[in-house]
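Subject: Structure for your review

Dear colleague,

Please find the structure below, handed over for your use. My notes on what was found in it follow directly after.

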Amino acid sequence: ILVLFIFLLCRGCDGKKSATQGAISTASVPQTTDDSHTEPGVASTTPALETQPVQTEAATTRQLQLTDSVPDAYSIAVTPVLQNPELPTGCEITSLTTVLNYLGFPVDKTDIADNYITYADSGSTTFDKAFIGSPYDPTSFGCFAPVIQEAAEKYLADQPGSSYQVYDLTGSDQQTVLQYVASGYPVIIWVSINLMDTEGVYYWTDPEGNDAVWIVNEHCVVLTGYDQNAGTVTVADPLNGTTVYDMNLFFQRYQELQQQALVIA
C-alpha cells in the first residue's frame with residue numbers, strides 16, 4: 001500500500017510540470033495578424049507592398065533654376081522679331097512672340113494678335129485688363145504685363161505636352177532681373193521707346209471705378225544680356241532689332257513703367 005501511494009504521488013507532480021511547460025511554449029510563439037480583420041483606424045503590422053511612384057502634375061512641372069551669383073556679363077542668343085509693318089503698336093505682342101520663338105514654338109506675331117490677346121475699347125477697362133485698341137492701328141494704345149501673361153498662358157495651354165509656365169516678375173529690382181537673365185531666361189520687360197522720357201497721363205475711369213493711366217512712349221522689349229562693367233544691357237527690340245542701351249537709364253525707365261516684367265520657363 002505504501003509503495004502504491006508513493007507511485008501515485010510522483011505521477012501527479014509530473015502532470016503539473018508538463019502543463020506548466022506547455023503554457024510557456026505557447027506564449028513564446030510569435031502571433032500573426034490577419035489584415036482582413038484589422039479594425040478601422042488600426043495600422044496593420046503586415047509590411048506594405050512596394051508600388052511604382054505616381055506621376056503627378058507637380059512632378060512634371062518645369063522648375064525655375066536660378067544662379068546663385070550674377071556674373072559681370074551674360075548674353076542669351078535671341079533672334080528679335082520686328083513688329084512693323086503688321087503691328088505698329090504691337091510691341092508687347094511681338095516681344096512675347098520673340099520669346100516663344102526662342103523657346104522653340106514656331107508661332108507668328110499675327111497669330112498671337114489674332115487668337116490670344118484680350119481687346120477692349122477706350123473707356124471700357126484699364127490697360128492691365130486688355131489691349132486697348134488694335135495692334136494693327138498705329139493710333140492705338142497697347143497693354144500692360146497681365147494681358148501678355150494671359151495671352152502666353154492661353155497659347156501654352158494649346159500646345160500639347162508643353163510644361164512651360166509664365167512667371168510674373170513685376171516689382172522685381174534690377175539685380176533680380178539680371179539674375180534671371182544670368183540664369184538663361186530672356187525677360188519680357190516694359191520700358192520706353194528708345195528710352196525716351198515718360199509721362200503718366202490719365203485718360204478715363206472705367207465702369208468699375210478704376211483710373212486708366214497710360215504712360216507716354218510705353219514700349220516692351222526682351223532683355224537678353226547685360227555687361228555691368230560697360231554699364232549696358234542688350235535687348236531684342238521690336239522696333240530696332242538687337243540693341244544696346246545704357247543700363248542705368250534702362251532700369252530707370254523700367255521703374256517708371258511700374259517695374260513690369262515676365263519670363264517663360
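Lys109 is buried, with a relative accessibility of 7%; here buried means under 20% relative accessible area, exposed means over 50%, and partly exposed lies in between (1.4 Å probe, protein chains only). The model is a predicted one, in which local features need pLDDT of at least 70 and side-chain atom pairs count only at pLDDT 80 or more, while totals for chains, interfaces and linings use all residues. Residues are numbered from 1 along each chain as its sequence is written, and side-chain values use heavy atoms, with hydrogens and water left out.

Salt bridges

The side chain of Lys109 forms a salt bridge with that of Glu86, at 2.7 Å from N to O. The term denotes a side-chain nitrogen of Lys or Arg within 4 Å of a carboxyl oxygen of Asp or Glu. Lys109 belongs to helix H4 (residues 109-115) and Glu86 to the loop between strand S1 (73-75) and helix H3 (91-102), so the pair ties together parts that are 23 residues apart in sequence. Helices (H or I, at least four residues) and strands (E, at least two) are DSSP runs, numbered from the N terminus. Glu86 counts as partly exposed, at 36% relative accessibility.

A search of the whole structure finds three salt bridges. Another of them joins the side chains of Asp197 and Arg253, at 2.9 Å from N to O. This pair links distant parts of the chain, 56 residues apart: Asp197 is in the loop between strand S5 (187-192) and strand S6 (199-205), and Arg253 is in helix H7 (residues 247-256). Asp197 is exposed, with a relative accessible area of 57%, whereas Arg253 is buried, at 6%.

Arg253 also meets Glu256 in a salt bridge between their side chains, at 3.1 Å from N to O. Both residues lie in helix H7, three residues apart, which is about one turn of the helix. Glu256 is partly exposed, with a relative accessible area of 29%.

Backbone features

Most residues other than glycine have a negative phi, and most peptide bonds are trans. Asn84 and Pro85 are joined by a cis peptide bond, with omega about 5°. Pro85 lies in the loop between S1 and H3.

Asn194 is not a glycine, yet has a positive phi of about 55°. The phi of Leu195 is likewise positive, near 60°, and this residue is also other than glycine. Asn194 is partly exposed, at 43% relative accessibility, while Leu195 is buried, at 6%.

The largest pocket

The largest pocket holds about 230 Å³ of space. On a 1 Å grid over the protein atoms alone, a pocket is an open set of points where a 1.4 Å probe fits, with protein on both sides within 12 Å along at least five of seven lines; lining residues have an atom within 4 Å of a point. Of the 16 lining residues, Thr89, Ser140, Phe141, Ile193 and Glu218 are the closest to the centre of the pocket. Strand S7 (211-216) and strand S8 (218-227) are the elements that give two or more residues to the lining. The lining divides into eight nonpolar residues, seven polar and one charged. In this division Ala, Val, Leu, Ile, Met, Phe, Trp, Tyr, Cys and Pro count as nonpolar, Asp, Glu, Lys and Arg as charged, and the others, Gly among them, as polar.

Gln149 and the chain overall

Gln149 is found in helix H5 (residues 145-157) and is buried, at 17% relative accessibility. Leaving aside neighbours within four places in sequence, Gln149 is in contact (heavy atoms within 4.5 Å) with Val166, Asp168 and Leu262.

There are seven helices and 11 strands in the chain. Of its 265 residues, 38% are buried. Among contacts in the chain with a separation of 6 or more, 65% are between residues 24 or more positions apart. The chain exposes about 14,900 Å², of which carbon and sulfur atoms supply 53%; accessible areas come from the Shrake-Rupley method with a 1.4 Å probe, and for residues only the protein chains shown count as cover.

Yours sincerely

Methods
Grid points are joined across faces, edges and corners, and a volume is the space filled by probe spheres set on the points.
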